[in-house]
Amino acid sequence: MTDVVTRIAPSPTGEAHVGTAYVALFNWAWAHKNDGRFILRIEDTDQARSKREYEDGIYEALAWLGIESDESPAAGGAHGPYRQSERSAVYAEHAAQLIASGNAYRCFCTAERLAELRQFQKAAKGRLGYDGHCRDIAPAEAAERAKNETHVVRLAVDREGSTRWHDLLRGEIVIANEEDDDQELVKSDGMPTYHMANVVDDHMMGVSIVMRAEEWIPSTPKHVMLYAAFGWEPPTFAHVPLLRNRDKSKISKRKNPTSLIWYRDAGYLPETMVNFLALQGWSPREDDEEFAVAEFVNKFNPRDISLGGPVFDMTKLDWLNGEKIRKLSLDDLAERIIEGGFAGDWSPDHLREVLPLFQDRMKSLKDFVPLAGYIRGRPELDLEGLAKKTKKVDPAVLADMLRDAARRLEEFDGHADEEKEAALRLIAEKREVKPGAIFMALRVAVTGATASPPLFPSIDAVGFEESMARVRDLAEHLAAPA
RNA sequence: GGCCCCAUCGUCUAGUCAGGUCAGGACACCAGGUUUUCAUCCUGGCAACACGGGUUCGAAUCCCGUUGGGGUCACCA
C-alpha cells in the first residue's frame with residue numbers, strides 16, 4: 001500500500017474557520033492512523049486578501065485543537081516551501097510546460113472585454129464562461145506579445161466528451177466538458193489560481209488522497225484535466241459534506257459562530273470541538289458518542305463519512321462540553337480555567353478549593369466565575385424567586401425561622417451536616433412549615449439564588465461568619481413591613 | 001436557470017454497498033426517581049425511512065421518476 005499523505009490547504013483570508021478544522025480533522029486522523037504524513041499548506045495566492053495574521057490564526061487554532069502537521073510553513077519538510085506565494089517559480093515552470101504541450105495558452109483579453117462578454121451571455125441567457133477568443137493565437141505570436149502585454153494563462157479544455165473520476169465517498173461522478181470553460185491557470189499578476197497551484201502542489205508533495213469540502217466537486221474536472229495534461233496520476237478524491245447552518249445553507253458567520261478562536265474564548269474544550277466535529281458525519285459503532293481523540297483516530301475511516309450535510313447544533317456541543325468538563329480531574333479543570341483566562345481575579349488556590357461545588361454545573365469554562373460569584377461577594381438576592389418557592393409561608397415567620405436557624409447553626413458549628421440538617425428541620429416543624437422553606441430561605445440568603453450548590457458546603461465556602469451575616473440581613477429584610 | 005451532490009426522529013446519526021430483527025443510539029423535549037434547591041445520576045416516554053412507480057415471496061436498503069434541500073457557474077479559494 002502506498003503511503004497515506006493528506007493535507008489541509010486553507011487560504012489565510014479570514015479568521016480560522018470551523019470548516020477548516022472539520023476537514024483538517026479528518027485528514028489529520030487518516031494520515032495519523034496510517035503513519036502517513038499530514039501537510040498544512042497555506043494557499044495565499046490571492047495577494048489582495050491574504051494576510052499574515054490570518055495565517056498565524058490558523059496555526060493557533062489548529063494547535064489549540066491538537067491537530068499537528070508533519071509538514072507546514074512553520075515545521076518545514078522535504079517538499080517545501082509550503083506557502084504558495086513562495087512557490088512562484090514552480091508554477092511558472094509548470095505553466096510553461098503546459099503551454100509548450102498545447103494544453104494551455106496565453107490570453108490577452110482585458111477585464112473589460114470579459115465583463116462585456118459575461119453581460120452579453122447573460123442577456124442571451126446563454127452559457128456563461130470564457131469564449132476561447134485567444135485560444136487560436138499562434139503560439140509564437142502569443143509568446144512575443146507576452147513580453148510586454150499583460151495576460152493570463154488558460155487551460156485549453158476539450159469542448160467535447162466528459163470528465164470523470166471515482167469519488168471515494170460518492171462513486172463515479174461524470175461531468176460534461178462543455179460545463180467547463182478555459183479556466184485561468186495563471187493570473188495577470190503572475191500568481192497561479194487555486195486550480196493550478198493545488199494540482200501542482202498536491203502532486204509534488206505526494207498527496208495520496210484529497211479530502212476536501214463538497215463545494216469543490218464542480219471544479220474537480222478541471223483538476224482531473226490538469227493531472228492528465230501533466231501526465232500525472234491523480235490522487236483519490238473524497239468530497240466530504242459541508243457543515244450547515246440551521247436553515248441548511250453552508251455554515252456562515254452571519255448565522256453561526258465560525259471562528260475557532262471564538263469557541264476557545266467561549267470556554268469550549270479543544271477535545272469537545274474535536275469530538276463534536278468528528279460526530280458531524282462520522283459515528284462510533286458503539287452507543288457512546290463521547291470519546292477521546294485517540295479512539296477516533298483509531299476507528300476512523302473516510303469511507304464511513306456520511307453524506308447528508310450536518311447542521312451544526314450548539315445544543316449538543318454544550319452537552320458534550322459539560323460531559324468533558326465533568327470527566328476532567330479537579331486539578332486539570334482548574335488549570336484549564338486558569339490557563340484559559342477564565343478565572344477572573346480568583347486566586348488559583350481559592351479556585352481549586354471551591355471548584356468541586358461547581359464542576360457538575362458547568363457547561364463551559366466560562367461558567368465558573370458567575371456560578372461561584374456569591375462566594376466572594378454579597379450576591380444580588382432573588383427575592384422574587386424565594387417568594388415563589390415559599391408562597392405558603394408568611395415572610396415574618398420566614399424571618400423568624402432564619403434568625404432561629406442562625407442561632408442553631410452557631411450552636412452546631414463543627415458538627416456533621418446531617419446534624420445541622422436535623423436541627424433546621426426541627427425549626428420548620430415547630431412552626432408547622434415544610435422544611436423545604438427554611439432551606440430555601442437560607443439558600444437564597446447565602447447564595448442569592450434558588451438554585452445553587454449544596455447549602456452547607458456553600459456556607460463553608462463563603463465563611464461561617466459572613467454566611468450568618470447574610471442570613472440575618474435577609475431576616476431583617478423579610479421582617480420589615482412591605 | 002444549466003450542471004452536480006444529497007435525502008432515516010426537531011438535531012447528529014446506525015442500518016443502505018452484499019434486500020428478510022417491533023427501524024437502534026445520542027442530543028433536545030416530556031414524565032418519574034435520587035437530591036433540602038439546582039446540577040449530576042438512574043428509569044421511562046415522545047419522535048423518522050420525503051412522495052410515487054417498478055423489481056422481488058419480501059424494499060429504509062436495488063432501479064426510475066417527482067419533490068425538497070444544498071453546492072457551483074470570478075484573473076476568490
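Predicted model: local features only at pLDDT ≥ 70, side-chain atom pairs only at ≥ 80, totals over all residues.
Residues are numbered from 1 along each chain as its sequence is written, chains are lettered from A in the order in which they are written, and side-chain values use heavy atoms, without hydrogens and water.

**Exercise 1.** Work out how helix α18 and helix α19 pack.

*Step 1.* Start with the geometry: α18 (residues 435–447) and α19 (residues 455–462) pack at an angle of about 25°, with axes 10 Å apart. Helices here are DSSP runs of H or I with at least four residues, numbered from the N terminus. Axes are lines fitted to C-alpha atoms over the stretch in contact, and angles run from 0 to 180 degrees between N-to-C directions.

*Step 2.* Angles under 35 degrees count as roughly parallel, and α18 and α19 are therefore roughly parallel to each other.

*Step 3.* Now list the contact (heavy atoms within 4.5 Å): α18 gives F439, L442, R443, V446 and T447, while α19 gives L455, S458, I459 and V462.

**Exercise 2.** Find the residues that come nearest to RNA strand B.

*Step 1.* Among the 60 residues around RNA strand B, these are R170, K187, E289, D360 and F439; a residue counts as near if one of its heavy atoms lies within 4 Å.

Conventions:
Helix = DSSP H or I, 4+ residues; strand = E, 2+ residues; numbered from the N terminus. Parallel < 35°, antiparallel > 145°, perpendicular 65-115°, else oblique.
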